[in-house]
Amino acid sequence: MTAPVITESTPEPANVLRRSRVSRDRTRVLGVVGGVIVLVLVTVAVLAPVLAPYDPTERAGVPFSPPSADHLLGTNDVGQDLLSELIYGTRVSLTVGIVAAAAAMVIGTIVGLIGGYLPRLGAVAMRGVDVVLILPFLPLLIVLAAYLGRSIVNTVIIIAILIWAPTARVIRSQVLSLAKRDYIVAARSMGAGHGYVIWRHVLPKTLLLAIGEFVAATSGAILLESSLSFLGLGDPLQESWGSTLYWAQARGAFLTPAWKWWVLPPGLLIMLSALGFALLGYALEQRINPRLRRS
Amino acid sequence: MVTAPPRVTELLAIRGLRVTFRAAGRDVHAVRGVDLSVAEGETLAVVGESGSGKSVTMTAALGLLPENAEVEGSIRLRDRELLAMDERALRSVRGAEIGVVFQDPMSSLNPVHTVSRQIAEAIRAHSDVSRGAAHARAVELLGEVGIPDAKARADDYPHQFSGGMRQRVMIAMALACGPRVLIADEPTTALDVTVQAQIVDLVDRIRRGRGMSVIWISHDLGVVAQIADRVTVMYAGRVVEQGPCADLFDAAVHPYTAGLLRAMPRLDSPAGAELEVIRGSLPDPEAQPEGCVFAPRCDHAQEECAAARPTLLPLVAGGGHAVACHRSGELLDHGRVVPARLGGSPTLRAGADNPRPSGAVDGAPAGEAPAAAAAPAPPPAAEAPAPPVVVALDDLRVHYRGRGSWRRSAAPVRAVDGVTLDLERGRTLGLVGESGSGKSTLARALLGLEKTSGGAVAFGDQVLHTMSAVGLRDLRRTAQMVFQDPAASMNPALRVEDVVSEPLRINRRGSVAEQRVRAGELLEIVELPRELGRRYPHQLSGGQRQRVAIARALALDPQVLVCDEPVSALDVSVQAQIIRLLSRLQSELGLSLLIISHDLAVIRTIAHRVAVMYLGQIVERGNRDDVFGRPRHPYTRGLLDAVPVPDPHRRSRPVPLAGDPPSPVAPPSGCRFHERCAFARPGLCDTTPPPLEEQRPGHWTACHLADEIAASSTAPDPARSATG
């Protein structure tokens, strides 16, 4: 590295990249990759009736048939087209993931606002967050699912209950720092109530953060939904990737050559969607979260 | 080109330095051609306001500029060109030959290492010595910079030191490798005046002891006059004037330097004297003016000033005094007393009573206040009836709960501990004290933003803590606040007009359109163009932002304005503008002002009455002239003595107060000041708290010995006895 030195009168532009800019570029690339994955998945979910070659509930071919020109990923034990099942499964997996994460974002933001802005009530609320954070995920998930019954609404509720706590923490820390700003004190000295201050000054500044958290939480929600469905605790009427795996397991596809077209594709899709949302969430967080943002 | 006096050798010489930051297609010209040099053993002060390029110049000398900075020119240390050195060579220069002390010692020290380890690290970076030897040397250095009991304290962590002590540690670190030059970048700006005086003395003593050079970067002309041999005045990236300290202060030639000296509130000017205002604000750093950078603000500017850039030329009189001004010859001929604009410089009427005119009704735009109110009222006479009291604090206490373990609650922090004060209509009360004395807490308690632990705040016959929520809302309209940092006190996402009209929106006054109109009026009241309302706060200068903050505080037609350090975040030339504005608003609107400041000169310029606060209590209060002219409390005396006077001929001052204020968690018994007091009498001052008594008419003092101290002409040396 040479210092940009010009001793006499030969001005020459210093063409040096700042180190932070390099890492910012890398973050942006990851974010774009995540965004493309998410976009493709959403498109598939929206256009499922157009893209899917068959109705996933229809018996389209011979049961247990391997991939062929008619059925690109073969058929399952009742002769339903696996590719169509996966395409329609995208709808269920994404819907559950996004709705559950959105619900978690709303709960987390509200609890975070209370936790950061109202000291007394906030202390109680944050103990609640601590409790949720230390709950063992999977056992609780199974117990709740078994107790509440198998339906898509219950799945969303269960997942939301489990994943809102980290969002609440992030929001709270932001609110804590905002609440001490002079302009909030100024608003209070003008006679502003808590509602006004939160609505006008605190919420707008935490919303971006909440959106970043939401995208990251979606990734976790999709994984949880798949786990539930794989355990046979998902909605029996809504085929998701997880339930495809459940049936594959139930029919012994894990032990036969069928795993290549029955087990691998839904597994990869789950991984890919979780990765896509995680990358997008990471990139957003790097841009938004003041604690992670560099200079 | 200026050449240094031949009697001494140049140690560090900067020639034709230009620094341009290139970012996102915009060029910021931080330094636009600077020539300066420091000779062996001398103290060079580099003075300038924010954006003058003084810090960037020194950062360039250290080779620490960010990589998007483009540097031209030459920086030579003895015979070596620093700009031509590679990173490794530079590293051997930094620390070893050039030591640096920064403004904020807390952020410059690593909080997880002991101070001795950090100093030893600096030593071992440049010389091959053992850990033990480096540690021993660190202890020695800590002793040299005046850390009491250095051996024991060497293994403490930075947070265990007070602000002043931390700055001493930083100085010790800068001295670790025996540098030839010490660059001190605003080293006392974050410190209290009493501590500042200690640091100034320390640096000067070390410089003489070691025979090194010091480059002292500062915006404070008072400090500069106390320490500098030569002074370089920078403005907008250029040197405008340079010369021996005494010449510069006695006969400043450049209109900017002269204006700066007159714009500065000072303790040694006659009371109620005018403050001159330098109009306008600093130029856009992205612009590249053809001519003199100061021309747009200069009263003497002519056509040639805008056309050609003046070079820094030595004056005919010689003596190393050089000025960059086309008209320096004429300005010099007429002597220093150059008549300012013919309209006359704006005057302050701080000494006058400014009662609220009875005709002005709440809600009427201030601009329509009767013209008579703007005329200066007769000076306060002793027999005149005191103006009515607007706010009265009675034995006010604000204690914060300490953070103890879960079983045992800790002792409370007594931020405000029994303060009785009143604020009179149309008058200004100045509240002074060191940091941690509870001034800001007092202000917040007055506004009902802080829960009181005892006593009362009464607005007329309404007592704050007995009020309902609705009553509190009403009350908040009568008292409003202006904050220290105008940038932090505004939501950056709101436009200026929304910031100004926010109080109206909160209190549902009028429709949105009416609020807009009112915002425009308010902006005009604080002398800002209406069009500024469409901008965002970050697009404004510091002075403009503070005006916006004042406009916002006026939106609800308050009777009381609480200003917490209203000018300390601003540059000197802008300070005067804001002080003048507050004074004018007071006379036009009949406002009662509570002005909190650590800067005694500012308080003296604007306040009618003054209260001095120490560790949560008022130790002295009275009329401005009594408190400043005949201070009776030893603490007030110490504070006044510690303020640097911008006069290089008056350097032999009494040694200022020693030590730091004790902790408000466990205040000393008896008189809280007795540990630092030179006059304290054992058996009296350390056991019995002195009451705040009216020892002279209208002049209250909390000191057992005030009469004796006033009588004794020979004051003991406070430095010696303060520690004993």
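Predicted model: local features only at pLDDT ≥ 70, side-chain atom pairs only at ≥ 80, totals over all residues.
Colleague: What strand order does the open sheet of 8 strands in chain B have?

Modeller: Strands of a sheet pair through backbone hydrogen bonds, either parallel or antiparallel. In chain B, the open sheet of 8 strands runs in the order 6-7-8-3-9-10-12-11, and its pairing is mixed. Strand 6 (98-101) and strand 11 (313-314) of chain B are at the edges with a single partner strand each, so each has one side without a neighbour in the sheet.

Colleague: Which residue of strand 12 does Gln242(B) stand opposite?

Modeller: Ala322(B) is the residue opposite Gln242(B). Strand 10 (residues 238-244) and strand 12 (residues 322-323) of chain B are paired in the antiparallel sense, over 2 bridges.

Colleague: And which strands does helix 7 of chain B lie across?

Modeller: Helix 7 (residues 163-175) of chain B lies across strand 6 and strand 7 (181-185), and it runs at about 170° to strand 6 of chain B.

Colleague: How many residues lie between strand 21 and strand 22 of chain B in their hairpin?

Modeller: There are 2 residues between them, and Leu615(B) in the turn has a positive phi of about 50°. Strand 21 (residues 609-614) and strand 22 of chain B run antiparallel and are joined by 6 bridges. Tyr614(B) stands opposite Gln617(B) in strand 22.

Colleague: What else pairs with strand 22 of chain B in the antiparallel sense?

Modeller: Strand 24 (residues 699-701) of chain B does, over 2 bridges. There, Trp700(B) is the bridge partner of Arg621(B). Strand 22 (residues 617-623) of chain B is mostly covered, with 6 of its 7 residues buried.

Colleague: At roughly what angle do helix 8 and helix 22 of chain B cross?

Modeller: The axes of helix 8 (residues 193-210) and helix 22 (residues 634-642) of chain B come within 8 Å and cross at roughly 50°. That makes helix 8 oblique to helix 22 of chain B. The crossing is left-handed. Val193(B), Thr194(B) and Ala197(B) in helix 8 meet Gly638(B), Leu639(B) and Ala642(B) in helix 22. By class, this contact has 4 nonpolar, 2 polar and no charged residues.

Colleague: How many residues does the contact take from chain B and from chain A?

Modeller: It takes 30 residues from chain B and 25 residues from chain A. On the chain B side, strand 4 (69-77), helix 15 (469-478), strand 18 (479-482) and helix 16 (496-506) each supply at least two residues. Strand 4 of chain B gives the most, with 4 residues. The side of chain B that touches chain A has 12 nonpolar, 7 polar and 11 charged residues.

Colleague: How many helices and strands does chain B have?

Modeller: Chain B has 24 helices and 24 strands. Of its contacts with a separation of 6 or more, 69% are between residues 24 or more positions apart.

Definitions and conventions:
Residues numbered from 1 in each chain as written. Chains lettered and ligands numbered in written order. Axes fitted to C-alpha atoms, helices over the stretch in contact; angles between N-to-C directions. Parallel < 35°, antiparallel > 145°, perpendicular 65-115°, else oblique. Left-handed = near helix turned anticlockwise from the far one by under 90°. Contact = placed C-beta atoms within 7 Å. Nonpolar A, V, L, I, M, F, W, Y, C, P; charged D, E, K, R; others polar. Pairing = 2+ DSSP bridges. Buried ≥ 20, exposed ≤ 12 C-beta atoms within 10 Å, placed from the backbone.
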